[in-house]
Amino acid sequence: MAVRLMKTMFMLTLAAWAVLNGWHSTEAHHAVVRFNLEDMEATADRIFLGRCVNVEATEAFIAQGMMSVTHYTFEVEAAYKGKLHRRYTFTQLGHPARAAFKETGLTMHGQTIKPGEFIHGMSSYEVGDRMLLFLTPNYMNGKLTYPVGLYQGAFLISEMPSGSVLARNSINNAGLFDAPYGWSIKKETDAKIIFPSLDEPLQNVSPEAQTLINKRGALPLNAMLKVVDRITATHGRERGSIIQGANIQ
């Protein structure tokens, strides 16, 4: 019992460390610092479009203790920042929630969770999910990563009956063009594409991309990717590329 309590406390301590040093959360667990798309691109060191092909919830020795982690493997369709293998695996802290079969126990949104395993706000993916992901630089000696702004940098891709392909994160894309700077880009004067204080916050983009500011919720994937590409190029950063094969965890 004491060992389990120590592991749980260690997990909570590590989560608090991540909040203070990477997630930048505030007083409530929903109150995560909002990112606009330009700040998100600057913060991420890997941006890619792909489909989840494997999920492995397991444990790993991290920071002098065994921690609950999940390995996610994606088939990468396109890389927009960073060099990624065609079959790419990365690791996030915590386990996805699992289906609840009992009325008792700790649950969230109909899923059962265990202290020290589930981290609120951490994105998770299922096999078959097509995602656009903005991943932060690895931490904990290169073993872990997570989407920029937790759930903000994970966009689920959906194809509508009309044939349109849309991208949406779990907060309905709120703040992508009007959230203030303050993370990787410290002030708006350092921006090149998104200017939240202006009536027309998207600047120096195509007419197609310009229409995004008038949309709410899910955004056309191609138009959104053009903005991401434009941000990367305008800041002089190298566009991503795919390396054949699979990376080794």
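Me: Buried means under 20% relative accessible area, exposed over 50%, and partly exposed in between, with a 1.4 Å probe and protein chains only. Is Tyr125 buried or exposed?
Reply: This is a predicted model, where local features need pLDDT of at least 70, side-chain atom pairs count only at pLDDT 80 or more, and totals for chains, interfaces and linings use all residues. Residues are numbered from 1 along each chain as its sequence is written, and side-chain values use heavy atoms, without hydrogens and water. Tyr125 has a relative accessible area of 2%, so Tyr125 is buried.

Me: How many aromatic pairs are there?
Reply: Rings of Phe, Tyr and Trp (its six-membered ring) pair if their centres lie within 6.5 Å; planes under 30 degrees apart count as stacked, over 60 as edge-to-face, the rest as tilted. By this rule the count is twelve.

Me: Which class does the pair Phe48 and Phe74 fall in?
Reply: The ring centres of Phe48 and Phe74 are 5.7 Å apart. Their planes stand at 80 degrees, so the pair is edge-to-face.

Me: How many residues apart in sequence are the parts that Phe48 and Phe74 tie together?
Reply: Strands are DSSP runs of E, at least two residues, and helices are runs of H or I, at least four, numbered from the N terminus. Phe48 lies in strand 1 (residues 46–62) and Phe74 in strand 2 (residues 65–81). The parts tied together are therefore apart in sequence by 26 residues.

Me: What span should helix 4 have?
Reply: The expected span is 1.5 Å times one less than the number of residues. Helix 4 (residues 221–234) has 14 residues.
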